[in-house]
Each structure stands twice: as structure tokens, then as C-alpha cells.
Amino acid sequence: MLEPPARRQKAGAAVAVATAVPLAYLTVAARKQAMSHIGQTRSGLIEDALIVVAGATVVVLATRSTLG
């Protein structure tokens with residue numbers, strides 16, 4: 001039996017925060033290194049593209065698992 005939607009939303013939000021905060025600290029060194037090699041604009045665009053792809057992947061996987 002599935003959990004109520006409100007409970008699933010809270011769990012999803014908790015997982016998102018628990019993942020995003022540590023990853024932000026872990027990736028800061030990589031971003032600084034990329035900025036020194038390819039510049040702030042290019043490294044920022046690459047970072048944004050990675051986030052969009054990761055977010056879209058999470059949505060597709062979450063939607064697929066609830067539809068199937």
C-alpha cells in the first residue's frame with residue numbers, strides 16, 4: 001500500500017535537503033578548479049546543465065515508478 005501523498009512529499013523534501021547540502025560543499029572545490037581552468041561563465045553553464053539533467057532524471061524516474 002502506498003503512503004499518503006503528504007507523507008511522501010515530506011520524505012522527498014527531506015531526501016532532497018539531505019542530498020543537496022552536503023553535495024554543495026563537496027562540489028565547491030571542483031567548481032573553483034573548473035573556474036580557474038575554463039572561467040566562471042563556462043563553468044557555471046556546465047554546472048547549470050548538469051543540475052538540469054540531474055533534476056530531469058529524478059523527475060522521470062519518480063514519475064515512471066509511480067505510473068508503473
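Is Gly44 buried or exposed, and what is its relative accessible area? Gly44 is buried, with a relative accessible area of 11%; buried here means under 20% relative accessible area, with a 1.4 Å probe and protein chains only. The legends below take this residue and its surroundings view by view.

This is a predicted model, in which local features need pLDDT of at least 70, side-chain atom pairs count only at pLDDT 80 or more, and totals for chains, interfaces and linings use all residues. Residues are numbered from 1 along each chain as its sequence is written, and side-chain values use heavy atoms, with hydrogens and water left out.

**View 1. The whole chain, with two helices and zero strands.** Helices (H or I, at least four residues) and strands (E, at least two) are DSSP runs, numbered from the N terminus. Of the 68 residues, 3% count as buried. The chain exposes about 5900 Å², with 70% of it supplied by carbon and sulfur atoms; these areas come from the Shrake-Rupley method with a 1.4 Å probe.

**View 2. The kink in α1, centred on Thr27.** Here the helix bends by about 35 degrees, taken as the angle between axes fitted to the seven residues ending at a residue and the seven starting there.

**View 3. Ser43 and Gly44 in helix α2.** Ser43 is buried too, with a relative accessible area of 5%. Beyond its neighbours within four places in sequence, Ser43 is in contact (heavy atoms within 4.5 Å) with Arg31, Ala34, Met35 and Ile38. As for Gly44, its C-alpha lies 8.2 Å from that of Arg31, a residue 13 places away in sequence.

**View 4. The largest pocket, with a volume of about 340 Å³.** Of the 14 lining residues, the closest to the pocket centre are Thr27, Arg31, Glu47, Leu50 and Ile51. The elements giving two or more residues to the lining are α1 (5–38) and α2 (40–67), and α1 gives the most, with eight.

A pocket is an open set of points on a 1 Å grid over the protein atoms alone, where a 1.4 Å probe fits, with protein on both sides within 12 Å along at least five of seven lines; lining residues have an atom within 4 Å of a point. The volume is the space filled by probe spheres set on the points.

How values were computed
Buried < 20%, exposed > 50% of the residue type's maximum accessible area, 1.4 Å probe, protein only.
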